[in-house]
Amino acid sequence: MVNAGELLKDIVSELPGAMIVHKDEWGADTFLVGGKIFAMNGTNKTGQTILTVKGLPSDNEELIELNAAISPGYYMNKTHWISILLEDESIGAPIIEKCLKQSYQLIYDKLTKKMKAEINEG
């Protein structure tokens, strides 16, 4: 598996207005755009590193069916969010990147016009 921490930072650095903020109370890094969470990187109850992202319900179902390292969102809405076990050898950088970028886009698309304009100007 690629270095997940570095991969996530590299992907987020390419997304306009995206930032990573550590939440001590959750023991996780939150990925934000316009103040809204589009992903979270933390651990599950067994201490495994997971990335939780938002997705389209139909895409989420397919990803869960095709890969044992992807499950319904940990501590999130199980229809709209999935968790990716980053330590699993079967998960490659392209899957992580695609899911993270799609999650960003889903949240970005729901932002106000004003917020989008501020992000695009900055």
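This is a predicted model: local features need pLDDT of at least 70, side-chain atom pairs count only at pLDDT 80 or more; totals for chains, interfaces and linings use all residues.
**View 1. The largest pocket, lined in part by α2 and α3.** Welcome to the largest pocket, which holds about 200 Å³ of space. Its lining is made up of D59, E62, L63, L66, N67, I70, I95, K98, C99 and Q102. Two helices, α2 (57–66) and α3 (93–109), each contribute at least two residues to this lining. If you sort the lining residues of the largest pocket by class, you will find five nonpolar, two polar and three charged.

**View 2. N67, a buried residue in the lining of the largest pocket.** Let's zoom in on N67, which sits in the loop that joins α2 to β5 (70–72). Is N67 buried or exposed? N67 counts as buried because its relative accessible area is 12%, under the 20% cut-off. Look for the polar contact between the side chains of N67 and S90, at 3.3 Å. Beyond its neighbours within four places in sequence, N67 is in contact with S90, I91 and I95; I95 is also one of the residues lining the largest pocket.

**View 3. The second largest pocket, lined in part by β3 and β4.** Around it you can pick out W26, G27, A28, M40, G42, T43, I50, T52, Y74 and Y75. Strands β3 (36–43) and β4 (49–54) each provide at least two of the lining residues. Which element gives the most to the lining of the second largest pocket? That is β3, with three residues. Six residues of this lining are nonpolar and four are polar, with no charged residues.

Terms used
Residues are numbered from 1 along each chain as its sequence is written. Side-chain values use heavy atoms; hydrogens and water are left out. On a 1 Å grid over the protein atoms alone, a cavity is a set of points where a 1.4 Å probe fits but cannot get out, and a pocket is an open set with protein on both sides within 12 Å along at least five of seven lines; lining residues have an atom within 4 Å of a point. Grid points are joined across faces, edges and corners, and a volume is the space filled by probe spheres set on the points. Helices (H or I, at least four residues) and strands (E, at least two) are DSSP runs, numbered from the N terminus. Ala, Val, Leu, Ile, Met, Phe, Trp, Tyr, Cys and Pro count as nonpolar, Asp, Glu, Lys and Arg as charged, and the others, Gly among them, as polar. Buried means under 20% relative accessible area, exposed over 50%, partly exposed in between (1.4 Å probe, protein chains only). A polar contact is a pair of N or O atoms within 3.5 Å; within protein, one must be able to donate a hydrogen and the other to accept it, and residues adjacent in sequence count only if both atoms are side-chain atoms. Contact means heavy atoms within 4.5 Å.
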